[in-house]
Amino acid sequence: MPTSQPDASGPSEDRATPDALLHTRTGTDVSPEDLVLASGKDLTPKSLEWARRKLAAEGPAAMEKLLP
């Protein structure tokens, strides 16, 4: 029974994604909701207030600190 070979031109599952292709910024502003969800928390008034404070203190870099 023949086995299929993955397309050599496609991405390999055993290779890491190059750093140049990894980024979290989308070119848009980071919302408190984005920050809460990226942190793995539930959207609650308390978590949204935490995110607002964090964004006020750190700006969009707050998202970069949460995500690789």
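Contact here means heavy atoms within 4.5 Å. Helices are DSSP runs of H or I with at least four residues, numbered from the N terminus. The model is predicted, so local features need pLDDT of at least 70 and side-chain atom pairs count only at pLDDT 80 or more, while totals for chains, interfaces and linings use all residues. Residues are numbered from 1 along each chain as its sequence is written, and side-chain values use heavy atoms, with hydrogens and water left out.

Start with helix H1, residues 32–39. Its buried residues are Pro-32, Leu-35 and Val-36, where buried means under 20% relative accessible area, exposed over 50% and partly exposed in between, with a 1.4 Å probe and protein chains only. Because these three cover an arc of only 100° around the axis, they are on the same side of H1; the arc is that of the directions from the helix axis to the C-beta atoms. H2 and H3 are included in what covers the buried residues of H1. Just after H1, Gly-40 has a positive phi of about 85°.

Next comes helix H2, residues 45–58. The axes of H1 and H2 come within 8 Å and cross at roughly 110°. Axes are lines fitted to C-alpha atoms, for helices over the stretch in contact, and angles run from 0 to 180 degrees between N-to-C directions. The two helices are therefore roughly perpendicular to each other, a label for angles of 65 to 115 degrees. On the H1 side, Pro-32, Glu-33, Leu-35, Val-36 and Ser-39 take part in the contact, and the residues they meet in H2 include Leu-48, Trp-50 and Arg-52. By class, this contact has 7 nonpolar, 2 polar and 3 charged residues.

Leu-48 belongs to H2 and is buried, with a relative accessible area of 15%. Apart from neighbours within four places in sequence, Leu-48 is in contact with Pro-32, Glu-33, Val-36 and Leu-43. Its C-alpha atom is separated by 9.5 Å from that of Ser-31, which is 17 residues away along the chain.

The largest nonpolar core has 8 residues: Val-30, Leu-35, Val-36, Leu-48, Ala-51, Leu-55, Ala-62 and Met-63. Such a core is a set of buried Ala, Val, Leu, Ile, Met, Phe, Trp, Tyr and Cys residues joined through side-chain atoms within 4.5 Å. H1, H2 and helix H3 (61–66) each supply at least two residues of this core, and H2 gives the most, with 3.

Methods. Parallel < 35°, antiparallel > 145°, perpendicular 65-115°, else oblique. Nonpolar A, V, L, I, M, F, W, Y, C, P; charged D, E, K, R; others polar.
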